[in-house]
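Hi,

Here is the structure I promised to pass on. Have a look at it first, then read my notes below.

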Amino acid sequence: MKLDHKLDRIAARADELRAMLAEGIGGEAFVKASRELADIEPVVARIGDLRDAERARDEAESLLADPEMKELAEAELYDLKDRIPALEHELRLALLPKDEADARSAILEIRPAAGGDEAGLFAAELFAMYQKYADQKGWRFEILEYGDTGLGGIKDAMAEITGRNVFARLKYESGVHRVQRVPATESQGRIHTSTVTVAVLPEAEDVDVDIDEGDLRIDVYRASGAGGQHVNKTESAVRITHVPTGIVVAMQEEKSQHKNRAKAMKILRARLYEQQRAAAHAARAADRKSQVGTGDRSERIRTYNFPQGRVSDHRINLTLYKIDRVMQGDLDEFIDALTAEDQAARLAAEE
């Protein structure tokens with residue numbers, strides 16, 4: 001009954017919005033009403049499908065007592081037996097509170113943790129994996145920073161991934177990714193374990209985070225690196241420190257100090273926005289007994305075992321024996337399962 005009441009309210013609100021638009025409202029009110037109607041119209045369409053199915057069920061049930069119509073009614077009820085619960089489930093998912101960041105682009109940060117050179121090599125492979133995934137989705141993948149080790153690995157790397165619903169698809173990737181394999185430098189064939197941290201931050205707009213210029217300490221210096229492809233003789237590198245939080249962002253990828261500053265500010269804004277989101281969601285997350293991940297980069301989330309050809313996600317106990325395809329960006333099976341698990345946990349919390 002609780003679901004029915006919610007659905008009736010949404011259908012009534014859609015009728016109200018249509019009436020407002022038909023009356024010829026203008027300006028900001030028109031834009032606001034149009035946007036709200038566009039947001040709820042897919043839900044209203046599914047409500048219509050559910051109501052049609054319920055009416056068909058009621059009609060079929062009323063015909064069961066008619067010997068001539070009984071067989072036809074039973075066939076109709078059999079078809080509706082699974083359809084009505086499926087429609088109800090779809091609508092419950094649609095009514096879950098939306099994460100306003102889901103539709104946004106994202107900032108991807110990857111850093112080797114434990115394991116020395118091997119961790120750096122795997123960090124570079126993960127970075128390439130996400131780039132391939134972005135290519136498959138038609139997203140734009142722009143490297144913001146790429147500190148190579150000179151051995152084919154990376155010290156750290158950042159990218160801006162631009163497209164619709166990027167954060168919704170990649171937000172579960174934040175955490176510690178562990179690799180188990182025999183390094184190329186291992187002469188005795190022993191398997192080593194290394195770790196890499198991944199962070200995915202929703203891209204923030206100026207209006208999302210109020211940054212007081214007085215809170216920033218900005219240092220410029222000469223870019224440096226291991227043989228550095230972007231090393232130059234001018235002070236183009238920029239380091240921005242947000243004094244109240246202690247967050248530090250350094251950028252030297254571009255030869256232009258202005259471009260490095262703009263990129264550093266974009267990353268700082270994303271980190272501050274994510275910090276605000278984490279604080280706002282902390283209480284709600286604490287109440288959820290089941291969740292697929294906190295987004296904390298210290299949480300071990302996945303293991304890539306090359307000798308056995310498997311990848312295991314520890315949050316949902318899902319193991320896939322297709323490590324080569326995963327490293328080529330075939331991540332949807334993990335991401336779909338993580339999304340479904342999170343939705344199930346949120347539905348349980350709502351009930």
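What follows is a short tour of some strand pairing and some aromatic contacts.

Before you dig in: this is a predicted model, where local features need pLDDT of at least 70, side-chain atom pairs count only at pLDDT 80 or more, and totals for chains, interfaces and linings use all residues. Residues are numbered from 1 along each chain as its sequence is written, and side-chain values use heavy atoms, with hydrogens and water left out.

Strands first. They are DSSP runs of E, at least two residues long, and helices are runs of H or I of at least four, each numbered from the N terminus; two strands pair if DSSP finds at least two bridges between them. Strand 7 (residues 237–242) runs antiparallel to strand 6 (residues 216–221), with 6 bridges, and Ala237 is the bridge partner of Tyr221. Strand 7 also pairs antiparallel with strand 8 (residues 247–251) over 5 bridges, where Thr241 faces Val248.

Now the rings. There are 5 aromatic pairs (ring centres within 6.5 Å; for Trp the six-membered ring; edge-to-face means planes over 60 degrees apart). Phe122 is in helix 4 (residues 116–137) and Tyr304 in strand 9 (residues 300–305), 182 residues apart. Both are buried. Together with Phe306, Phe122 and Tyr304 form one aromatic cluster.

Cheers

Key: Phe/Tyr/Trp six-rings, centres within 6.5 Å; stacked < 30°, edge-to-face > 60°. Buried < 20%, exposed > 50% of the residue type's maximum accessible area, 1.4 Å probe, protein only.
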